Structure formats: C-alpha cells, structure tokens
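Please keep the sequence and the 3D view at hand.

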Amino acid sequence: RALSTGAGVEIVGICSGKNAAFVKEQGADLVLDYTDPDFGNEEKDRYLNAPEEEKLDLVFDTATNSGKGEDYKNWSLKRMKKDGQYVSTNGSLGMWLRMFANQQKSNQHLFLTDMNTADLDFLSQLATKENSPVKPIISNSLPFTSAAVDEGFKLLKSRRTVGKIVFDVNYDNMNTSAQNENEAKPSSDKK
C-alpha cells in the first residue's frame with residue numbers, strides 16, 4: 001500500500017469475512033469475501049463485466065496452489081484488463097514448466113526473488129524504521145526448538161494464521177533446548 005499512495009491505485013484484497021478488517025488495515029480499499037455466497041456470482045461481479053478501464057491492472061496471487069487445491073488464476077484472468085499482469089507466488093505446474101522452458105506468457109509471471117544480503121538489510125531497516133509504512137505482521141514467535149518447530153509447522157498447515165510464524169534462533173536457547181531434550185531421553189545405559 002505504501003508504494004501506491006498518491007498514485008490513484010485501488011487495492012482489492014480477497015480474504016474470508018473474518019479477516020476483512022485486518023486486510024483493510026493493511027491498505028486494501030476494497031475487500032472481497034471469498035466465503036460470501038455472491039463471490040463468483042457473475043451477475044453481481046464488479047469486475048467480470050466491467051468496462052475495460054475498470055478491470056484489474058495487476059493481480060498478485062498468493063493463494064493459488066498453496067496447499068488446499070485453491071485456484072484463483074482463471075478467476076483473476078477473467079477480471080483483468082487485456083494488458084493486465086497476473087503474478088503468482090505458487091504457480092501451477094504449467095507455469096513452472098513454461099518458466100523453466102523460457103516460454104512464460106507475457107502477462108503471467110511467477111514471483112521469484114534473488115535474495116542477497118544488501119536487499120535483506122534494506123528490508124530489515126525499512127521494517128524497523130520509525131513511522132515506516134512497512135509493518136511486519138507476526139502471528140507467533142517461537143523458540144528454535146524441536147517441539148516449537150513442530151508447533152510452528154502445525155500452525156502453518158492449519159492455514160489459519162494471520163501473519164508470519166517466526167523462530168527465534170538464539171544460540172543460547174538452542175544449547176539449552178538441546179540439553180533439555182537430551183536429558184529428557186531415556187538412557188539405554190540405565191538398568
């Protein structure tokens with residue numbers, strides 16, 4: 001949202017109704033509730049039958065192919081302008097194959113990053129800067145232990161977290177955790 005302020009951009013978020021207020025707080029101008037019975041109703045669809053200039057310029061899809069069979073790609077393509085761009089973080093097998101074969105469609109892209117220290121430092125400074133428009137949303141902060149990693153993956157697989165699950169990789173915590181886990185294991189030497 002911070003990048004689009006003042007640019008005349010309308011941001012549309014899609015989520016369940018229970019997360020609508022949160023998504024608006026993050027900068028969405030309009031929220032579509034995918035649990036609403038009218039979601040996908042072609043007669044009531046704001047974008048499907050809209051004039052070309054009112055259709056979507058860009059769709060950034062973080063849900064399609066994320067683990068539960070979701071597929072919003074075709075829904076998105078039908079609501080985009082002819083020169084609109086579809087960007088996915090979890091593309092279909094076909095999108096991945098086209099990317100590796102260097103045959104991507106001109107308006108369909110996979111969002112891939114080339115991480116490097118300078119970029120990560122920049123993002124870290126941006127997120128920690130006072131009054132920054134970038135505010136990380138952390139759902140859970142867990143110690144980096146075997147039990148906590150199991151809990152973190154259980155939370156992730158539930159698909160009900162709002163925000164990121166963070167593991168505190170603190171060297172002292174890791175040593176204490178490993179020591180506690182070793183002490184809790186039964187010894188095969190004991191009779």
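Two strands pair if DSSP finds at least two bridges between them; strands (E, at least two residues) and helices (H or I, at least four) are DSSP runs, numbered from the N terminus. This is a predicted model, in which local features need pLDDT of at least 70 and side-chain atom pairs count only at pLDDT 80 or more, while totals for chains, interfaces and linings use all residues. Residues are numbered from 1 along each chain as its sequence is written, and side-chain values use heavy atoms, with hydrogens and water left out.

With that in hand, look at the sheet. Val 59 stands opposite Tyr 86 in S4, and S3 and S4 pair in the parallel sense over five bridges. The open sheet has three strands in the order S3-S4-S5, with parallel pairing. S3 and strand S5 (108-110) are at the edges with a single partner strand each, so one side of each has no neighbour in the sheet. On average, neighbouring strands here are turned by 15 degrees against each other, direction ignored. Helix H3 packs on this sheet, where H3 touches S4 and S5 (contact means heavy atoms within 4.5 Å). The direction of H3 makes about 85 degrees with that of S5; axes are lines fitted to C-alpha atoms, for helices over the stretch in contact, and angles run from 0 to 180 degrees between N-to-C directions.

Which residues make up the largest nonpolar core? There are nine: Leu 30, Tyr 47, Leu 56, Val 59, Met 80, Tyr 86, Met 95, Met 99 and Leu 110. Such a core is a set of buried Ala, Val, Leu, Ile, Met, Phe, Trp, Tyr and Cys residues joined through side-chain atoms within 4.5 Å. Strand S3 (56-61), strand S4 (80-88) and helix H3 (93-100) each supply at least two of its residues. Leaving aside residues up to four places away in sequence, Met 99 touches Gln 104, Leu 110 and Leu 112.

Now turn to the aromatic rings. The structure holds four aromatic pairs, meaning rings of Phe, Tyr and Trp (its six-membered ring) with centres within 6.5 Å; planes under 30 degrees apart count as stacked, over 60 as edge-to-face and the rest as tilted. One of them, Phe 39 with Trp 75, is stacked at 5.2 Å centre to centre and 20 degrees between the planes. Phe 39 lies in the loop between strand S2 (30-33) and S3, and Trp 75 in helix H2 (residues 73-79), 36 residues apart. Buried means under 20% relative accessible area, exposed over 50%, and partly exposed in between (1.4 Å probe, protein chains only). Trp 75 counts as buried because its relative accessibility is 16%, whereas Phe 39, at 21%, counts as partly exposed.
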